[in-house]
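Thanks for coming, everyone. Please have the sequence and the structure open while I talk.

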Amino acid sequence: MTDNSPLGAGATKPLRLGTRRSKLAMAQSGLVAEAVTEVTGRAVELVEITTYGDTSKEQLAQIGGTGVFVAALREALLRGEVDFAVHSLKDLPTTQPEGLTLAAVPVREDPRDVLVARDGLTFEQLPSGSRIGTGSPRRMAQLNAYARSHGLGIETVPIRGNVDTRIGFVRNGELDAVVLAAAGLSRLGRTGEVTDFLSVDTVLPAPGQGALAIECAASSTDLAAALAELDDPYTRAAVTAERALLAALEAGCSAPVGALADLLADGQAVNELRLRGVVGSTDGSSLVQLSTTGPVPTSHDDAAALGRELAAEMLAKGAAGLMGERAL
């Protein structure tokens, strides 16, 4: 009987890794490819796939946000055109499609947001009237709320584009600053351009920000088992709680939701997981921000329960009324 699985006994061809074409996606996928070669002994080739999110010029909040960068990759997986795919976890819809499995969530990069501003300015140093670019309603809501409470006069400007395009708006003087994910700049080797790391007390990141997702066909059991060696249980527990909160709050559009689960240690022992969540109107006039702490989850269900519990508290405090807001 012939073994046709990607890791079958007779398999010698390189494993095909499906990735978006952007510099950041290629950098992330390259790092994963090296790690996969290490655990499987197999060469890995990158297969570049263009997604709707890459070609559309509309604002993310208008085209649905989640899912627009992953659908084409998932279709290629289901058709057997690639063996596995790498996504930024924050781009993944919260429901797992039939036929695919989330084989690994590797150790998370820095989840924070960062500022790249003109003249090396930090957020607090930006003069009144500064224009800050971001395509994220979540960032807009929190930046505007922080500015309001600290007497800073800022204007948030919706933008799209890759890292070069976004930073280019600052370099050419069109914007005073842009907000990006620390993890992306780190993976591109560009943290030297950051002028301010935004504290999570100021801006909570997107659920899953800084983490990668490695997905393969559920039928590729040998490959899934090999990829699972790259899984980090703490990162998976944290992002599972964050994504469960998002799923329980989801209002059918690109909602301005921030969430971060972090592990709390007592001495050397990690014994608790703290989950923080925020929902806000994009102008920052109204925020619902809560947190909860529980034992470190030992199962997917435990982690998800923590997220659902916090979401229920946030909804009780009025979060639902803020969910339908769009950036434009």
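I will go through the sheets, then the cores, then the salt bridges.

First, the ground rules. This is a predicted model: local features need pLDDT of at least 70, side-chain atom pairs count only at pLDDT 80 or more, and totals for chains, interfaces and linings use all residues. Residues are numbered from 1 along each chain as its sequence is written, and side-chain values use heavy atoms, with hydrogens and water left out.

Helices (H or I, at least four residues) and strands (E, at least two) are DSSP runs, numbered from the N terminus. Two strands pair if DSSP finds at least two bridges between them.

Start with the five-stranded sheet. It is open, with mixed pairing, in the order E7-E6-E8-E5-E9. Its edge strands are E7 (154–157) and E9 (196–197), and each pairs on one side only. Now look at E5 (residues 113–117) and E8 (residues 177–181). They are antiparallel and share five bridges. Ala117 stands opposite Ala177 in E8.

Two helices go with this sheet. Helix H6 (residues 163–171) packs on it and touches E5 and E8. Contact here means heavy atoms within 4.5 Å. The direction of H6 makes about 155° with that of E8. For angles, axes are lines fitted to C-alpha atoms, for helices over the stretch in contact, and values run from 0 to 180 degrees between N-to-C directions. Helix H5 (residues 137–149) lies across E5, E6 (130–133), E7 and E8. H5 runs at about 175° to E7.

Next, helix H4 (residues 71–78). Which of its residues are buried? They are Ala72, Leu73, Arg74, Ala76 and Leu77. Buried means under 20% relative accessible area, exposed means over 50%, and partly exposed is in between (1.4 Å probe, protein chains only). The buried residues of H4 pack against E1 (15–19), E3 (84–88), E4 (100–104) and E10 (212–217). Just after H4, Gly80 takes a positive phi of about 80°.

Now the other sheet. Three strands form an open, antiparallel sheet in the order E11-E12-E13. Strands E11 (257–266) and E13 (287–295) are the edges, each pairing on one side only. From one strand to the next, the twist averages 15°. E12 (residues 269–280) is joined to E13 by nine bridges. In that pair, Arg274 stands opposite Thr293.

On to the cores. A nonpolar core is a set of buried Ala, Val, Leu, Ile, Met, Phe, Trp, Tyr and Cys residues joined through side-chain atoms within 4.5 Å. The largest one has 20 residues; Leu245, Leu249, Val257, Leu275, Val279 and Met314 touch the most other members. Helix H9 (233–249), E11, E12, E13 and helix H10 (300–316) each supply at least two residues. H9 gives the largest share, five residues. Apart from this core lies another, of 17 residues, among them Ala33, Val36, Cys216 and Leu227.

Look at Met314 itself. Beyond its neighbours within four places in sequence, Met314 contacts residues including Leu245, Leu249, Val279 and Leu290.

Last, charge. Side chains of opposite charge can pair when their charged atoms come close. I count a salt bridge when a side-chain nitrogen of Lys or Arg is within 4 Å of a carboxyl oxygen of Asp or Glu. The whole structure has 20 of them.

Take Arg190, in the loop between helix H7 (182–187) and E9. Is Arg190 buried or exposed? Arg190 counts as buried, because its relative accessibility is 19%. Arg190 forms a salt bridge with Glu193, with the closest N and O atoms 2.7 Å apart. Glu193 is partly exposed, at 23%.

Then Asp201 and Arg276. Their closest N and O atoms are 3.0 Å apart, in a salt bridge. Asp201 sits in the loop between E9 and E10, Arg276 in E12, and the two are 75 residues apart. Asp201 is exposed at 57% relative accessible area, whereas Arg276 is buried at 11%.

To finish, a network. Salt bridges with shared partners join Lys23, Asp164, Arg171, Arg190 and Glu193.
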